[in-house]
Amino acid sequence: MDYILSSLIFIPLLAVLIILCLPKHFTQGIKLVALLATSLQLILSVWLYSAFDASATVQGYQFVQQLNWISLNLQSLGLLQIQYFVGVDGISLSMVLLTGLISVIGIISSWTISKNIKGYFALYLLLVGSVMGCFLALDFFLFYLFFEFMLLPMYFLIGIWGGPRREYAAIKFFIYTLIGSLLILIVMIGLYTSAFDPAATAVRANLAPAGQVVSAEVVAEVQRQVAAGTLTGASIVHTFSIPDMQQAANFIPGSILNILSEKQLWDIPVRYLAFLLLFIGFAIKLPVVPVHTWLPDAHVEAPTPISVLLASLLLKVGGYGLFRIVYPVFPEAAAYYAYFVGLVGVLSIIYGAMCALAMADLKKLIAYSSVSHMGFVLLGLASLTSEGTNGAMYQMFSHGLISAMLFIITGVIYDRSGSRMIDNFRGLAFSMPAFTALVVVAFFASLGLPGFSGFIAELLVLLGAFSSSAVSGMLPRWLAIVATGGLLLGAAYYLWALQRMFFGKHWVHPELKGEPVMTDLTKREYLMLVPLAILVLIFGLFPSLLLNKISPDINYFLQSVLQNR
Amino acid sequence: MNITAQSLITSLTEILGSFAFLGPELMLALFFLLIVALDLFKSKLIKAALPWVALSGILISLISQIYFLNNNQAKQAKLFFSGLLITDGLALYAGLLFSVAGILTIVLSVLSKQLQLKFSGRGEYYAYILVLLAGLNLMAKSVNLLMLFVALELVSIGSYLLTTAIKRQQDAMESGLKYILYGTLASGVMLYGMSFLYGFGGSLSFLDTAFWANLSRLDSPFFLVIFLLTFAGFLFKIAAAPFHFWAPDVYEGAPTPIVAFFATAPKIAGFVVIIRFLLQIKNNLATTLQDDVMLLVGGISLLSLVIGNFTALWQSRARRLLAYSSVAHAGFLLAALAALATNSIEAVLFYLSVLLFMNFGIFLLVQVFEERLQIFDIKGLAGQGKTYPLLGVLAIIILISLTGLPPTAGFTSKLLLFTNIWQNYSATGNQLLLTLLLVGLLLTGVAFFYYIRIPYFLFFKRNLNPEKKVVLGREDIVLAFISFPLLLFFFQPAWLTELIRQVVLYSK
């Protein structure tokens with residue numbers, strides 16, 4: 001199964017081509033192709049999950065596929081090498097599984113789309129393929145390519161199929177994310193001009209035969225020679241490979257991002273600046289207060305399935321980027337700015353929750369709760385403790401499941417009434433009992449009730465944040481204490497919304513269009529909500545299911561960050 | 001002066017031998033005469049054949065350029081016509097780009113409805129294009145101030161005439177007049193600067209080391225004034241701020257194929273001349289003066305970037321928007337050249353090559369929308385993407401490339417350019433370069449904001465008065481052909497960079 005990761009990326013892209021070839025009016029066929037492609041993707045990702053070897057003996061990436069893609073000769077500066085380099089480890093595994101799962105749910109949710117079906121499903125699959133590519137890429141350029149590739153489909157999906165203010169929301173989404181990706185681009189250029197690939201350099205400098213695996217001794221020899229300055233200029237192969245960038249020995253002496261050259265700009269070390277640029281770039285995607293303002297608009301205007309994808313997958317790309325690139329490549333800056341990162345994390349938790357408390361629109365409430373919950377990811381990561389980082393990753397996975405449920409729930413209400421205003425509904429529990437039960441599950445999972453996956457994640461993060469000052473010395477205790485307040489606020493806005501909308505005497509605002517009949521869930525809606533609810537429960541009761549797979553690699557990640565700081 | 005018979009004979013043989021290097025230009029001149037002669041006949045058949053005659057002329061000149069490029073013996077820089085002109089990799093590669101631009105101009109002209117109508121001087125139109133191409137080739141080959149001026153004037157006069165090719169149009173006349181006024185002013189200022197250069201340098205050839213050694217003795221502010229005066233002419237051609245005022249008006253008034261040509265070919269020629277000058281400055285001028293030149297080029301680049309990008313934001317007509325975006329592109333290219341480093345030439349040539357396809361693509365779109373669909377401003381594009389999906393998708397590819405986002409060659413060219421600036425910054429630690437890099441990158445975000453308005457209207461807005469669908473067979477195919485390299489050079493940039501690398505190796 002050498003090609004499993006590539007199939008995960010290219011199955012949806014292939015389906016895009018098939019859909020483009022189908023006639024416009026063959027809507028059932030288009031939907032079926034999309035469902036088939038995503039189901040296949042789900043099966044493969046589940047298989048990948050079970051086949052992934054998490055025993056401590058295997059470290060690093062599995063199912064790796066590495067091909068040379070673009071080589072550019074920069075003459076005296078050496079060779080620029082871009083690879084098609086994909087692989088999976090504990091950090092990406094959970095995200096791949098999440099992507100496989102949510103894509104299918106999204107397709108089911110998209111079944112009722114009626115406007116320009118062909119274009120919709122083509123863009124949807126393009127988006128899903130790019131997200132998958134983002135989670136699997138180990139070459140920075142490839143990652144960046146998929147990262148940018150997510151923008152356009154999302155832009156059109158919001159801008160064409162969205163709500164009344166869709167154009168504004170689409171542009172706002174695009175501008176924010178584009179600015180983020182430009183910041184990432186700056187650092188990407190800096191990184192690849194500074195870093196080299198020791199194995200490929202060995203081949204280019206005739207220190208190792210081509211076409212074979214380069215031994216560790218030769219790699220060390222090349223690193224020594226480059227550091228000593230005997231191997232320079234044209235024989236150096238510049239690389240975008242993320243694993244190569246994680247080793248300080250793979251930076252050219254005197255280059256701007258080499259830790260030893262201690263370059264400064266405006267009296268700040270350049271590596272710290274690079275860390276900040278990358279951090280802001282990914283923080284916009286995450287999103288973090290104060291660069292979160294695109295998120296409520298995008299969510300409110302996006303159609304339900306796209307909101308689901310946005311909250312469950314696209315936000316995770318931001319967090320994943322921090323795990324995959326920012327922290328391992330700039331460990332000393334990560335340690336230096338841990339306090340700052342933790343602080344914006346807590347700010348997001350509290351500010352997001354307080355905004356959610358003030359919202360009259362259910363979808364906006366959930367959007368702000370996403371901001372609040374993604375703050376936990378930052379807090380856990382900043383703590384640089386084993387509990388904290390594992391919890392951050394767990395939170396990404398768990399929030400992916402829960403937020404999908406939450407957005408489907410708003411979709412259910414909106415489909416029936418054309419409104420999402422909390423004040424327009426009362427006592428829905430009477431007309432929609434089954435729906436209410438699932439809403440309770442989702443709300444309680446999200447506010448962190450024990451037994452649900454959100455509890456495990458937030459507990460781990462808070463444990464990490466509390467122990468951080470003693471274990472790694474990163475965060476002061478008061479941050480953890482304040483963050484706990486976020487849980488309290490979460491309980492407040494969810495319970496209040498629940499009380500206002502679902503309890504009391506049954507009443508629906510009479511001026512809503514067509515006097516809506518609030519019927520209970522259809523089969524299609526059960527098909528989306530029930531599996532998610534079960535998964536939220538399973539991962540809440542048996543956290544080891546996921547943690548066993550991911551924590552060896554996360555602990556390894558943590559070690560390498562702490563060692564190199 | 002005493003000229004002995006012997007030296008007269010040697011220089012005559014040299015001049016005769018020099019004609020061998022002038023193949024492409026001679027071909028163009030020959031076909032120019034042919035078209036003028038054929039235009040005298042009244043037969044409709046001959047009139048209809050004129051574009052194809054011009055096209056074959058350019059093709060023949062292109063073949064001779066390729067022959068020079070492939071000929072191993074020719075792979076060295078050679079001065080000819082007693083040091084007036086040079087044939088080297090830079091000139092030949094530029095010639096290649098001019099020919100491609102010429103071919104695309106003719107193709108666009110054939111597709112243009114406006115130009116199919118009968119108007120007086122239709123033959124002249126095609127003849128002027130050939131003259132313009134010859135002038136551009138000469139400009140890229142000039143290494144002598146006087147020769148450069150003559151070539152530049154040839155290009156300018158051809159440009160003025162082509163701007164007003166369709167004489168019945170009111171705004172064409174206005175823009176033509178503006179162009180002439182600005183153009184002659186720029187030429188005059190340049191000539192003034194050149195006279196100083198000649199006076200202080202003691203030579204007309206700017207490959208002469210003595211020329212630069214003499215100039216090195218000048219005081220810094222005085223040299224800068226001379227430098228700026230001379231560069232005014234080149235900056236005018238590449239539409240860099242503050243010499244860009246002609247661009248929006250000319251872009252609005254001139255026939256679309258000609259605008260596409262102006263946005264590309266003279267820009268390439270201007271950059272070739274600028275590269276030649278900056279390389280000499282780098283190699284031969286006193287270092288204190290070099291720093292001043294860097295500052296000046298960097299400043300002009302910054303100004304172009306800011307003015308181009310921010311003014312483009314407020315434009316409601318595609319042509320004016322593209323004019324300002326072309327100013328911004330000049331800014332990007334100058335940013336790479338501000339380091340005065342040899343290694344930037346490759347990145348600049350790559351960018352220019354990609355720009356060629358992007359410009360012709362976008363102006364073909366403009367032409368299709370204006371002439372076939374009667375849409376003149378961006379708001380009118382509303383909903384057309386749904387009616388013409390292929391056109392819409394190709395428009396997105398071209399605009400994404402103009403912005404510089406993956407997966408298009410526009411991204412690769414920006415990546416190479418920024419990489420180059422970054423490298424020169426890490427090598428020299430010059431803060432100016434860092435500023436240029438950061439400003440350039442952030443303005444890419446601004447650029448995106450105005451480019452995206454076109455797909456935004458194409459796809460998001462509803463078409464309020466849907467009309468009958470026009471069949472666009474040929475336009476679609478040509479547009480697909482023009483957009484194809486934009487994807488190709490993203491996935492296989494090495495094919496282009498290898499060629500450029502070899503070419504740069506024997507440039508002066």
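Two residues are taken to be in contact if their C-beta atoms, placed from the backbone, lie within 7 Å. By this criterion, 24 residues of chain A are in contact with 21 residues of chain B. On the side of chain A that touches chain B, two or more residues are given by each of β1 (62–73), α5 (140–149), α6 (151–161) and α7 (166–194) of chain A, where helices (H or I, at least four residues) and strands (E, at least two) are DSSP runs numbered from the N terminus. The largest share, 11 residues, comes from α7(A). This side of chain A consists of 15 nonpolar, seven polar and two charged residues (nonpolar: Ala, Val, Leu, Ile, Met, Phe, Trp, Tyr, Cys and Pro; charged: Asp, Glu, Lys and Arg; polar: the others, Gly among them).

The model is predicted; local features need pLDDT of at least 70 and side-chain atom pairs pLDDT 80 or more, whereas totals for chains, interfaces and linings use all residues. Residues are numbered from 1 along each chain as its sequence is written, and chains are lettered from A and ligands numbered from 1 in the order in which they are written.

In chain B, helix α3 (residues 44–70) has 27 residues and reaches 40 Å from its first C-alpha to its last, close to the 39 Å expected (1.5 Å times one less than the number of residues). At L50(B) the helix bends by about 40° (the angle between axes fitted to the seven residues ending there and the seven starting there), and P51(B) follows within four residues. Both L50(B) and P51(B) are buried (20 or more other C-beta atoms within 10 Å; exposed, 12 or fewer; partly exposed, in between). The elements covering the buried residues of α3(B) include α2 (23–38), β2 (85–87), α4 (89–111) and α5 (122–141) of chain B.
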